[in-house]
Every structure is written in C-alpha cells, then in structure tokens.
Amino acid sequence: MSTYFLTGAATALLSVSLLQAAPANAAEIDPSLSVFLDGRQLAFQTQPVIEKGSSLVPMRTIFEAEGAEVTWNNKTQTVTATKDGVILTYRLGETTAYKNQERLNLPVPGKIIDKTTMVPLRFISETLGNVVKWHEYSGSITISSARNYETAVEYGINLRVSPGKENDSDVIRMLPKNEQVHVIREINADWLEVQTKDDTIGFISAKPMYTDYASPALVDKQADELLAFGSKFLATPYEFGAKSGQTKTFDCSSFVQYVFNEVLAIDLPRVSYDQALKGKEVKVDELRKGDLLFFSARGLDIGHVGIYAGDGRVLHTYSKVQGVHFEDFDDGWKKRFVTARRLF
C-alpha cells in the first residue's frame, strides 16, 4: 500500500478532533498548528485552514513529504499524485476523488488558497493505515507510518497523553516489561513520543532504566541536563561521609549518587569504589559528557569520583574550600586516574 495514501488517510481521521472547538461556519488560518510526519515537522507555505467543520491542508506538501510526485493541470483544475503504481486524481471543487479506478468521497470539496491547492484532511479517509494523534497540550499533530517496533520496555512504565511529571499528565495505560514500541521522536531529555503495537500514540519517560532506546542526540541532551542539574549545587560545602539524599553538604560519591538518581533515575551505590563497578568501562580518549571518572585517593585504589563535563573538565567535590566545582582534568588528575565508566 502506498505510504502517502496512508498518511493522507491517517491525517483525515484527525479532522473531527481538531475542529471540535472551531465555530461551525468559520474560516480561519491556524498558524500555530504543527504537523509531524514520522518525527519530522512539515513546513507549510500556506497554513492549514479550518472551514465549515473541516480542516484544509496543502496537498502537495503532504504527498511530497512521503515521496509522491504531484502534478497540477490548470486547464482541468485537477491534481494527480503518483507513487508506487498508485495514482490519486482529484478535480478541485468536487466531492469525489479516484484512487486508480476506485471512487472516493470527500467530506467537503478542496479549494485554492493563496495559489495553493488545499484539500480536506479526510481526503483519502477510505485508505487507512497510518496512525494519527492530535496533541491538545501543544496544538500539534503526529502522523506515524511505523510498522517496526524496535524499542523494548525494560521496566514497567506509564504511557501518558502528554509529556509531564507524574500526576501532571493522564495515564493511558501501563506498558509492561518486554513490550515493544516504536520511538517516533525525542521530545527532550526527559520524554519520548512512542507508538505501541495497538496503534496508540503517547509519551513515556526517556530515562535509561525504562527502555533500551538510545541515540547520540538523546545522550547529549541527558548529559547536558545532568550537568545543568549538578551545577545548581556549585559551592555546596564538602563533608566527608555526607548523608545520602540531602543537599546541604556532599562528598564526591554522595554528590554523584544524588545527581544521577534525580536526573536519570539511575540508582548508584553510596561509595565510589562500588560505583566504579557499574556501567561499562571507557577509555580516556573516548570520554563523553556524563561519564564517571574514578581516581585513587586517601591511599585507596579508588577513593574519588567525578562527572566528566566535556572539554577536559570534571564536575566534582573534595575540598572544604571550594565545595562542588568544575575543574580541569589536568595532568595531576590523570596521574591518579584509575578508570572511567559509562552509565547511559
């Protein structure tokens, strides 16, 4: 089945939910409407229009985003879209269209707005396949053509209607361990938009404990969030043996333990020696932001830990004078360096 037909059909399904709040006979451009096709935001030269209870969108943009060839016959006022042996033909102003020889009914006729052929979202609603979701929280549409579910749930997690902290967003259902989902896009360091095998689209936590999903872009976002959160405690006093879970004082390992748990829900042991047993070992020339660096200290093989901050710097604490601070990963520290571990 042609992908661009599926996209149109899925988009069509959304028109009713989009227009519930619109006046029945109003005609208005919606410049705030964002449409994401398989995680990519579509750019419209002419913005979608709501008219008489239906939403009209640029036909060429939708179809060409899916790789279809679109032609316009000005004499007959006819649009033809072709892909993979499927030909869709529509004459502007009519309430019928043709998929090859199959006749399709349109809810309302298309029209030209600002020299752009606009068609109703239900234009090919008879050809189902894609999954579409209207997100009220952001005023955006997600269209997904996913047929592969590459990401495994590793720890039971709530599928939510919008990205938000616990109790801030309605729960659709619990995704159990081993369920497979497709990640449509990364919303930010904390949230992923996903599609389940039953064609439900929602949001799950991006924290590494919940799924086996990983990407360089997400890792970079999470590392930045980790360091930004840790930076909130700059100059917090150093106290050897500081109690876990509190933020008035830290020692090196209690600081690392607290930051990783708060930002990424990674539960680390209390002392640096045990922390060095977690994750996987990486070489110094392979370091990336968020890796843990372990050093000898106080006569111990491993007695100190810090967070690699990128650009040859470490975020850590060991001094009652400086407290939590950034410092160069210089030759002095490299002489005491023992190992680096990657946790996400």
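Predicted model: local features only at pLDDT ≥ 70, side-chain atom pairs only at ≥ 80, totals over all residues.
Biologist: What does the protein chain contain in helices and strands?

Modeller: The protein chain has seven helices and 26 strands. Buried residues make up 51% of its 344 residues. Take the contacts with a separation of 6 or more: residues 24 or more positions apart account for 54% of them.

Biologist: Why is His 316 called buried?

Modeller: Its relative accessible area is 1%. Buried means under 20%. His 316 falls under that cut-off, so it counts as buried.

Biologist: Where does His 316 lie?

Modeller: His 316 is in strand E24, which covers residues 313-316.

Biologist: How do you know that the side chain of His 316 makes a polar contact with the side chain of His 304?

Modeller: The distance is 2.9 Å. The cut-off for a pair of N or O atoms is within 3.5 Å, and one atom must be able to donate a hydrogen and the other to accept it. The pair of His 316 and His 304 therefore counts as a polar contact. The side chain of Glu 327 also makes a polar contact with the side chain of His 316, at 2.9 Å.

Biologist: Which residues is His 316 in contact with, leaving aside neighbours within four places in sequence?

Modeller: Among them are His 304, Val 305, Gly 323, Glu 327 and Trp 333.

Biologist: What makes Asp 311 exposed?

Modeller: Asp 311 has a relative accessible area of 80%. Exposed means over 50%, so Asp 311 qualifies. Asp 311 lies in the loop between strand E23 (300-310) and E24. Asp 311 is not a glycine, although it has a positive phi of about 55 degrees.

Biologist: Why is Asn 100 called partly exposed?

Modeller: Its relative accessibility is 38%. Buried needs under 20% and exposed needs over 50%. The value for Asn 100 sits in between, so partly exposed is the label. Asn 100 is found in the loop between strand E9 (96-99) and strand E10 (102-105). Asn 100 has a positive phi of about 55 degrees, and it is not a glycine.

Biologist: Is Asp 84 buried or exposed, and how do you know?

Modeller: Asp 84 is exposed, because its relative accessible area is 62% and the cut-off is over 50%. Asp 84 is in the loop between strand E7 (78-83) and strand E8 (86-91). In sequence, Asp 84 and Gly 67 are 17 residues apart. In space they are 9.8 Å apart, C-alpha to C-alpha.

Biologist: Why does Thr 117 count as buried?

Modeller: Thr 117 has 16% relative accessibility. That is under 20%, so Thr 117 counts as buried. Thr 117 is found in strand E12 (residues 116-120). Not counting residues up to four places away in sequence, Thr 117 touches several residues, including Val 57, Met 59, Trp 72 and Leu 92.

Biologist: Which residues make the contact of H4 and H5?

Modeller: Phe 229 and Leu 226 of H4 are among them, as are Phe 255 and Tyr 258 of H5. The residues of this contact divide into eight nonpolar, two polar and two charged.

Methods
Residues numbered from 1 in each chain as written. Heavy atoms only, no water. Helix = DSSP H or I, 4+ residues; strand = E, 2+ residues; numbered from the N terminus. Buried < 20%, exposed > 50% of the residue type's maximum accessible area, 1.4 Å probe, protein only. Contact = heavy atoms within 4.5 Å. Nonpolar A, V, L, I, M, F, W, Y, C, P; charged D, E, K, R; others polar.
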